Amino acid sequence: KGASRAQAKATISTERKLAANTQHYILKLKFDAEFVSSMRMLVLASDAEVAESSYYLANVLGPKETQQYFANLSAGAYLKPLIKALATTRDLTALHRCGFDTNPASAEGLCLDSPRVLLEDAKAQKFIKLLLAILRHRVS
């Protein structure tokens, strides 16, 4: 009985240490600005596709709805999520939340090879690559 109790205490202690490491890692990610910005970019870029998928799962439940849904797609409804996804590139509030500097006044006096411009360009490339991957998946 004493050995099993000691083993149980050791197991609990080990699990607490592992949980502490996991919680520490999660907290590091939660407050890591780069990670948060990346997740916001992912959500922004995939929002139109997620909304379309959610609509499909909630409303296309039988043969009649399926037939109507795919008839609408063939009539051009597949373009709506694509247009909505592309519109995210002009949503300055959402892009600002993703970490982009959307204040036009802050660009005054910058040259193309300044570190700030290069950083913004790298973030924009990351976002566009993600958006294009989602769009390619949608139309393939």
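Author: We can begin with one residue and its surroundings. Glu34 has a relative accessibility of 48%, so Glu34 counts as partly exposed. Keep in mind that this is a predicted model.

Reader: Which side chain does Glu34 meet in a salt bridge?

Author: The general idea comes before the case. Side chains of opposite charge can pair when their charged atoms come close. Here the partner of Glu34 is Lys126, and the N to O distance of this salt bridge is 3.4 Å. Glu34 belongs to helix α2 and Lys126 to helix α6, so the bridge links distant parts of the chain, 92 residues apart. Lys126 has a relative accessible area of 35%, and is therefore partly exposed.

Reader: How many salt bridges does the structure hold?

Author: The structure holds 6 salt bridges. Another of them joins Arg138 and Glu49, where the closest N and O atoms are 3.4 Å apart. This pair also links distant parts of the chain, with Arg138 in helix α6 and Glu49 in helix α2, 89 residues apart. Glu49 is partly exposed, at 22% relative accessibility.

Reader: Which residues are linked with Glu49 in a network of salt bridges?

Author: The network links Glu49, Glu52 and Arg138. Glu52 is a residue of helix α2.

Reader: Is Glu52 buried or exposed?

Author: Glu52 counts as buried, because its relative accessibility is 16% and the cut-off for buried is under 20%. Beyond its neighbours within four places in sequence, Glu52 is in contact with Tyr69, Pro81 and Arg138.

Reader: Where is the salt bridge of Asp101, and what is its partner?

Author: Asp101 pairs with Arg116, and the closest N and O atoms of the two are 2.5 Å apart. Asp101 sits in the loop between α5 (92–97) and α6, while Arg116 is in helix α6, 15 residues apart in the chain. Asp101 is partly exposed at 33% relative accessibility. Arg116 is also partly exposed, at 36%.

Reader: Now the helices. How do I read the packing of two of them?

Author: Two packed helices are described by the angle between their axes and the distance between the axes. Take helix α2 (residues 33–59) and helix α6 (residues 115–139): the angle is about 25°, and the axes are 10 Å apart.

Reader: Are α2 and α6 roughly parallel or antiparallel?

Author: They are roughly parallel to each other, because angles under 35 degrees count as such. The crossing of α2 past α6 is right-handed.

Reader: Which residues in α2 and α6 meet?

Author: On the α2 side they are Glu34, Ser38, Met41, Leu42, Leu44, Ala45, Ser46, Glu49 and Glu52. On the α6 side they are Lys123, Lys126, Phe127, Leu130, Leu131, Ile134 and Arg138. Sorted by class, the contact has 8 nonpolar, 2 polar and 6 charged residues.

Reader: What is the angle at which α2 and α4 pack?

Author: Helix α4 covers residues 79–87, and α2 packs with α4 at about 150°, with axes 7 Å apart. α2 and α4 are therefore roughly antiparallel, since the cut-off for that class is over 145 degrees. The crossing of α2 and α4 is right-handed. Asp47, Ala48, Ala51 and Glu52 in α2 meet Pro81, Lys84 and Ala85 in α4. The classes here are 4 nonpolar, no polar and 3 charged residues.

Reader: How far apart are the axes of α4 and α6?

Author: The axes of α4 and α6 are 11 Å apart, and the angle is about 175°. These two helices are therefore roughly antiparallel as well. α4 contributes Pro81, Leu82, Ala85 and Leu86, and α6 contributes Leu131, Leu135, Arg138 and Val139. By class, that contact has 7 nonpolar, no polar and 1 charged residues.

Methods. Residues numbered from 1 in each chain as written. Predicted model: local features only at pLDDT ≥ 70, side-chain atom pairs only at ≥ 80, totals over all residues. Heavy atoms only, no water. Axes fitted to C-alpha atoms, helices over the stretch in contact; angles between N-to-C directions. Helix = DSSP H or I, 4+ residues; strand = E, 2+ residues; numbered from the N terminus. Parallel < 35°, antiparallel > 145°, perpendicular 65-115°, else oblique. Left-handed = near helix turned anticlockwise from the far one by under 90°. Contact = heavy atoms within 4.5 Å. Nonpolar A, V, L, I, M, F, W, Y, C, P; charged D, E, K, R; others polar. Salt bridge = Lys/Arg side-chain N within 4 Å of Asp/Glu carboxyl O. Buried < 20%, exposed > 50% of the residue type's maximum accessible area, 1.4 Å probe, protein only.
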